[in-house]
Amino acid sequence: MSEDQRRAILDAFRNLRESSPHTPAIVLAERLGVSEGALQAARLGEDVTTLPYAPHTLASMFHKLGPVKALTRSRLAVLEQTGIYPRVSGGGHAGLLLDPGGLDLRLLYRHWHWACMIRDELPQGVRFSVQIFDRHGRAVHKAFCQSPAHHAWWQSIAEEGSEDAPCFVGLGEPASDKSVSVPIAGLAEEWAKMTDVHQFFGLLSRHQLQRRDANALMEGRFTRALTGGCVEQLLHAAADANQGVMIFVASPGCVQIRSGIIPQPERKRGWLNLFAADATLHLDDTAIAEVWEVFKPNRDGGVTSLEAFDATGEMVMQLYGERREGQPEAPGWRRLLQSLQQRGSAA
């Protein structure tokens, strides 16, 4: 980014922030025609500083941040939760922040390209945040300070930073739809032999499949195509039944999971929303292209999920019935899924 480009972005950002102080940075970036990462990088030396830590080192500091609002987004869903990060476990390639019912995340460090500390002057006061971006300038994960008492510690992290600018690469056009429709030998047999849902990633890798294509190939055996309105229907039904739900929302380098009872969904400004005391989900369900019910065998009798995809085949979100490792899936959750309308069937 040239100095002239940086100045142009910075001036436009200031004007937009002054006129719309509560508008999210991703929306401001879209209005300026740049990535969110490029927008924040233009602010280096003023309100933004580059953090010098390796991904695992940075993740190992999260539990010291105090109360935060943690945010992860996919293309069509945004999950925000308040809480305190647990200590990270895992190695140099992936991290686990395990706290079912609290801040529960899976971190994929190979997608962490640039991390920064941001100090925003907002009408309600100073707001610190740590934000991580991939090589295309897409946000991987964000943590916003929720406790002014911790500002000194956040400031001390910022003082370790630099003005080193990241180099982002453009995100190409989504690949054309090349969905696999030819049966794959051995796929059903391998699927049936799974004893842990995490084995599913290996299955996809061995057969060079995208998740959506695997669902399509197993339709009628382990999967069922549902109508687009089933996401809203399931959320309403789960709220009515007080059925605990695990909500998975993933960016390229982070999976964030919220577990627990959910409130009734509310539709505002075209988005479907859940407003819980500890979490908020914003979902652009009108842009969901495919919805699947998916069964995966495991040692506890198997688990069933609802999976939503956008038009490019990217996962929007997953919903599971709340359960603990080693426990069978709740029969009530399966009944809720079975009540959903299959795509192409008569209403």
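Q: Angles under 35 degrees count as roughly parallel, over 145 as roughly antiparallel, 65 to 115 as roughly perpendicular, and the rest as oblique. At what angle do the axes of helix α1 and helix α2 cross?

A: This is a predicted model, with residues numbered from 1 along each chain as its sequence is written. Local features need pLDDT of at least 70, side-chain atom pairs count only at pLDDT 80 or more, and totals for chains, interfaces and linings use all residues, while side-chain values use heavy atoms, without hydrogens and water. Helices (H or I, at least four residues) and strands (E, at least two) are DSSP runs numbered from the N terminus. Axes are lines fitted to C-alpha atoms, for helices over the stretch in contact, with angles from 0 to 180 degrees between N-to-C directions. Here α1 (residues 3–19) and α2 (residues 25–32) have axes that come within 10 Å and cross at roughly 125 degrees, and α1 and α2 are therefore oblique to each other.

Q: Is the crossing of α1 and α2 left-handed or right-handed, and which residues meet?

A: Handedness is left if the near helix is turned anticlockwise from the far one by less than a right angle, and right if clockwise. α1 passes α2 in a right-handed crossing. With contact taken as heavy atoms within 4.5 Å, Ile9, Ala12, Phe13, Leu16 and Arg17 of α1 meet Leu28, Arg31 and Leu32 of α2. This contact has 6 nonpolar, no polar and 2 charged residues (nonpolar: Ala, Val, Leu, Ile, Met, Phe, Trp, Tyr, Cys and Pro; charged: Asp, Glu, Lys and Arg; polar: the others, Gly among them).

Q: How do α9 and α10 cross?

A: The axes of α9 (residues 230–241) and α10 (residues 331–338) come within 10 Å and cross at roughly 145 degrees, in a right-handed crossing. Leu234, Ala237 and Ala238 of α9 contact Trp333, Leu336 and Leu337 of α10. By class, that contact has 6 nonpolar, no polar and no charged residues.

Q: How many cavities of 30 Å³ or more does the structure hold?

A: Rolling a probe the size of a water molecule over the atoms shows where empty space is left. On a 1 Å grid over the protein atoms alone, a cavity is a set of points where a 1.4 Å probe fits but cannot get out; a pocket is an open set with protein on both sides within 12 Å along at least five of seven lines; lining residues have an atom within 4 Å of a point. The structure holds 1 cavity of 30 Å³ or more. Strand β15 (residues 279–283) gives the most to the lining of the largest cavity, with 3 residues.

Technical notes
Grid points are joined across faces, edges and corners, and a volume is the space filled by probe spheres set on the points.
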